[in-house]
Amino acid sequence: MDLREIVYEKYNQRAKITINRPHKLNALTPRTLAEMLWALEDAWADDDVGAVILTGAGDRAFCVGGDQSIREKGGYTYDDVGDGPLARMPLPTLHSLLLQTIRNIPKPVVAMVNGYAIGGGHVLHVVCDLTVASETARFGQVGPRVGSFDAGYGSAYLARVVGEKKAREIWFLCEQYSAQEALEMGLVNWVVPPQRLVEKTEAVCDALIAKSPTALAALKASFNADSDSVWGIHQVAGVALNLYYGTDEALEGRNAFLEKRAPNFRAARRSRTQEQKSGGNDDV
Ligand code: 2NE
């Protein structure tokens with residue numbers, strides 16, 4: 001595959017996927033996601049690969065989720081789709097497929113978080129098996145502020161990781177959390193100074209690669225089994241998200257972000273009340 005938005009490397013029995021859009025804080029396009037899926041499938045098929053590292057280029061961001069500059073009413077549009085059918089799929093569908101592939105690949109996936117892990121970029125690290133964070137990393141969800149949501153792995157699985165109250169706080173308030181706070185809530189496994197991030201991640205991979213691959217694969221599948229039902233919720237949420245993108249409410253969130261102002265959802269709240277009163281039959 002012609003890789004333009006990620007860097008994919010294989011060395012010392014590991015595969016490393018680096019989201020390579022540092023000028024956009026490693027925000028995701030359909031192409032980025034299609035390339036990441038291709039790389040993960042390659043790592044899956046390569047018997048010599050015992051662990052996968054997922055990270056972002058530069059020192060500012062791991063990934064800040066969907067690229068808001070290509071989001072329009074109705075969803076994300078991107079001309080540079082590349083070849084193959086994957087890149088023609090809607091961004092949320094590709095993001096969902098990527099999350100599920102990170103979960104399904106029978107090898108540990110380690111997130112190396114070097115900066116912002118925000119929105120759909122935050123969800124990426126949440127579904128990874130382990131997370132190593134730089135002291136400078138920042139974590140958070142932004143959907144209710146920018147007109148989006150991940151009502152599947154991003155919320156239901158997050159609640160299993162950090163607990164119900166904390167997950168609701170993270171999504172409802174859209175605040176940012178430091179690496180130390182993330183460690184305290186069980187969201188990451190290790191926090192290290194930025195200059196030790198690569199060294200620590202490589203040491204974690206060395207430790208993983210020294211273990212029995214079949215034992216690790218069986219354990220990963222077992223951990224997944226308990227939360228696999230979230231995949232069904234995630235797919236329903238994806239249908240809802242694609243419908244939501246067509247609304248003025250979602251567009252107000254995206255516009256407010258791009259115009260660097262606070263969103264105003266008052267009109268959306270009023271129209272919800274009107275719909276409820278009329279049973280949603282106004283236009284039928
Ligand atoms: C990431 C964050 C917290 C950074 O804040 P700060 O204050 O350090 O920087 P600033 O000025 O906000 O951002 C720096 C530049 O990066 C761009 C900004 O527009 C800005 O550009 P310039 O003004 O310098 O030209 N930028 C930041 N995030 C971007 C993004 N996602 N897409 C395109 N450009 C982005 C702060 O910027 C923030 O909260 N960003 C919003 C993150 C966001 O909205 N992510 C998408 C959530 S939805 C999603 O991920 C998703 C989905 O919708 C569907 C399926 C799967 C995932």
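Analyst: First, the elements. Helices (H or I, at least four residues) and strands (E, at least two) are DSSP runs, numbered from the N terminus. This is a predicted model: local features need pLDDT of at least 70, side-chain atom pairs count only at pLDDT 80 or more, and totals for chains, interfaces and linings use all residues. Residues are numbered from 1 along each chain as its sequence is written, and side-chain values use heavy atoms, without hydrogens and water.

User: What makes a space a pocket, and how much space lies in the largest pocket?

Analyst: On a 1 Å grid over the protein atoms alone, a cavity is a set of points where a 1.4 Å probe fits but cannot get out; a pocket is an open set with protein on both sides within 12 Å along at least five of seven lines. Lining residues have an atom within 4 Å of a point. Grid points are joined across faces, edges and corners, and a volume is the space filled by probe spheres set on the points. By that rule, the largest pocket holds about 900 Å³. Its lining has 45 residues, with Val64, Gly65, Gly66, Tyr76 and Gly120 closest to the centre.

User: Which helix gives the most to that lining?

Analyst: H10, with eight residues. Helix H10 spans 229–244.

User: What is in the second largest pocket?

Analyst: About 590 Å³ of space. Of its 25 lining residues, Cys128, Asp129, Leu130, Tyr157 and Phe223 are closest to the centre. H9 supplies the largest share, seven residues.
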